[in-house]
Amino acid sequence: MSQSPPNTIQLQSMGSQGTLAPLPQPPDVQNPPSHSWASLCGPPPWGLSCLLALQHILVLASLLCASHLLLLQSLPAGGLSFSPAQLLASSLFACGVSTSLQTWMGSRLPLVQAPSLQFLIPALVLTSQKLPLALRTPGNCEHRARAQAEASLVLHLCEGPGCHGLELWNTSIREVSGAVVVSGLLQATLGLLGGPGHLFPHCGPLVLAPSLVVAGLSVYREVALLCSTHWGLASLLIVLMVVCSQHLGSCLLPPRPWRPASTSSTHTHILAFRLLSVLIPVACVWIVSALLGLSIIPGELSAPTGAPWFWLPHPAEWDWPLLTPRALAAGISMALAASTSSLGCYALCGQLLRLPSPPPHACSRGLSLEGLGSVLAGLLGSPMGTASSFPNVGTVGLLQAGPRRVAHLVGLFCVALGLSPRLAQLLTTIPLPMLGGMLGVTQAMVLSSGFSSFHLADIDSGRNVFIVGFSIFTALLLPRWFREAPVLLSTGWSPLDVLLRSLLTEPIFLAGLLGFLLENTISGTRLERGLGQGLPPPFTARKAPMPQKSREKADKEYELPFSIQNLCPCIPQPLRCLCPLPQDSGNEERGPAEPGETADLLPDFGDQCPQPSRGESQ
């Protein structure tokens, strides 16, 4: 058996008596385990944690710029009464606060909160309803284009006191912000009442898998739109991300290669290319873009005047959100779609981190805090709410590292960027094809995770084959149908039109709803449906030999911090769904979990990294 490289990580397995038994090294180190250095050794060092957080910031920036760009392009022509950088800063501030709350006392998973595309579709429907019906008729393409061009010219030239272009633009933004506030209030109410906790146990693999597949496929149009600005840069970024994360992902490098081996013998080697498989390609392609003089920056997000260095976001900065019946209808659709997407993120993140399925109390807390984040975003004037980000969960799977410390740093960085619009404006300097490339690779990880969830159920069953195929196909068909013929759905009452069109063009909501209804109405055995397993297959396979301490440690990952757990007896009875049940809190004689036990989100490899031998330490 070949010798292992010096100071590499030696995985350990649990013996039958609960003791640690060393595993022999595999013959070839070119196929390392699917867990990264940061996952095996608990929280990574602060320097590596900052680099991991920076990569999540880049992925969040791609989602932030894409959603705001598509929304601003759909608004009526007119001028901005504020800098676009301030609009991005307000969204970043809300995302930072929501991410910190989510990781600290929400679901407790390392989930980055971002302006989800589930908010974009109802917002686009809401703004498009302002156009006259004749202009939205499919057969009136020439007349529609001519009318929009004339309106754009008039609004651009009208800059006097009687100009209505600015008022129309601000009214649209305020109405979308009002819909975001409504969605946040509804989402928080659903979480406080324990609705997600009651529904989540009934969402088996046949509900999760179609939702993840549709979530990965639903943004291909937006990704193609961003990449089409320069396919060369986008292709180069995608190739480099694939090479770093897959082909070079097994290359082990010392953390300080510039120091002599004798002084760094106690340090573990790290999978640098895999852990930095977003940062390294982005830096390389950005340098190539600068050398070639390619500056592909959207004009909608570039401010003609400089943004302030420091700015404190506060409600009614520009004006209060506008609450109308149409905004109420759009807010309801936003809340339902964002809740469906977030529950899928919870399940996917737990599966990637080899944790048990999120318990009901964690889902309820997470959804209620996401609603509070959306309320904050809407009050700050942002047209996009906050929800758990599928691209960032895909980044966790790509890097194969999900420490909770990184999510805390992402929240702090987002708050810092939100306080400085000038720094937030730097995110808009990322070329559009690079944003599309990052979204494409991370969404592919979400898509593949959906496919990997199929084997939890009996996929050879005719019942299951029908549920999966019908849910995916219908969820992709209906949005395309109503996009091509929007006037087919016209009830004569604008708020009802907005509600129906928003819900029927949300692919993730349709996939989750159809999968849930078919899964719970068509008869089938629990084994056939994939229920009763509770844990992802790798975790289930190791559950038998795993000692009681490790199982309790895994369950405690979803519990509230000990300082907040003491407040659970004071919570009113209707809100007790936010607290863990006594039987779910493990062995009460052990007391609260130690800080080190909850720091590692992959608890199945021992309590700490292997220490160097006595000879090496000397």
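**Close-up views of a predicted model**

**View 1. A tilted aromatic pair, tryptophan 481 and phenylalanine 482.** Phenylalanine 482 is buried, at a relative accessible area of 9% (buried is under 20%, exposed over 50% and partly exposed in between, with a 1.4 Å probe and protein chains only). How far apart are the centres of the two rings? They sit 5.3 Å from each other, and the planes meet at 35°, so the pair counts as tilted. Rings of Phe, Tyr and Trp (its six-membered ring) pair when their centres lie within 6.5 Å; planes under 30 degrees apart are stacked, over 60 edge-to-face, and the rest tilted. Three aromatic pairs turn up under that rule.

A word on reading these views: the model is predicted, so local features need pLDDT of at least 70 and side-chain atom pairs count only at pLDDT 80 or more, while totals for chains, interfaces and linings use all residues. Numbering starts from 1 along each chain as its sequence is written, and side-chain values use heavy atoms, leaving out hydrogens and water.

**View 2. The chain as a whole, with 26 helices and four strands.** These elements are DSSP runs numbered from the N terminus: helices are H or I with at least four residues, strands E with at least two. Of the 618 residues, 53% are buried. Take the contacts (heavy atoms within 4.5 Å) with a separation of 6 or more: 86% of them join residues 24 or more positions apart.

**View 3. Methionine 105 meets residues from elsewhere in the sequence.** Methionine 105 belongs to helix α3, residues 84-105, and is partly exposed at 25% relative accessibility. Which residues does methionine 105 touch, leaving aside those up to four places away in sequence? They are Arg365, Leu369, Leu560 and Ile564. Look at leucine 560: it is 455 residues from methionine 105 in sequence, yet their C-alpha atoms are 5.8 Å apart.

**View 4. Helix α10 against helix α12.** The axes of α10 (residues 231-247) and α12 (residues 279-291) come within 9 Å and cross at roughly 150°. Axes here are lines fitted to C-alpha atoms over the stretch in contact, and angles between N-to-C directions run from 0 to 180 degrees. That makes the two helices roughly antiparallel (over 145 degrees; under 35 is roughly parallel, 65 to 115 roughly perpendicular, the rest oblique). The crossing is right-handed, meaning the near helix is turned clockwise from the far one by less than a right angle, with anticlockwise being left-handed. On the α10 side, the residues in contact include Leu233, Leu240 and Cys244; on the α12 side, they include Ile280, Val285 and Ser289. By class, this contact holds twelve nonpolar residues, one polar and no charged (nonpolar: Ala, Val, Leu, Ile, Met, Phe, Trp, Tyr, Cys and Pro; charged: Asp, Glu, Lys and Arg; polar: the others, Gly among them).

**View 5. Helix α4 packs on helix α13.** α4 spans residues 117-128 and α13 residues 325-352; their axes are 8 Å apart, at an angle of about 160°. They are therefore roughly antiparallel, and the crossing is right-handed. Phe119 and Leu126 are among the α4 residues in the contact, with Ala330 and Met334 among those from α13. The tally is nine nonpolar, three polar and one charged.

**View 6. Arginine 354, a residue with positive phi.** Though not a glycine, arginine 354 has a phi of about 60°. It sits in the loop between α13 and α14 (360-379) and is buried, at 18% relative accessibility.
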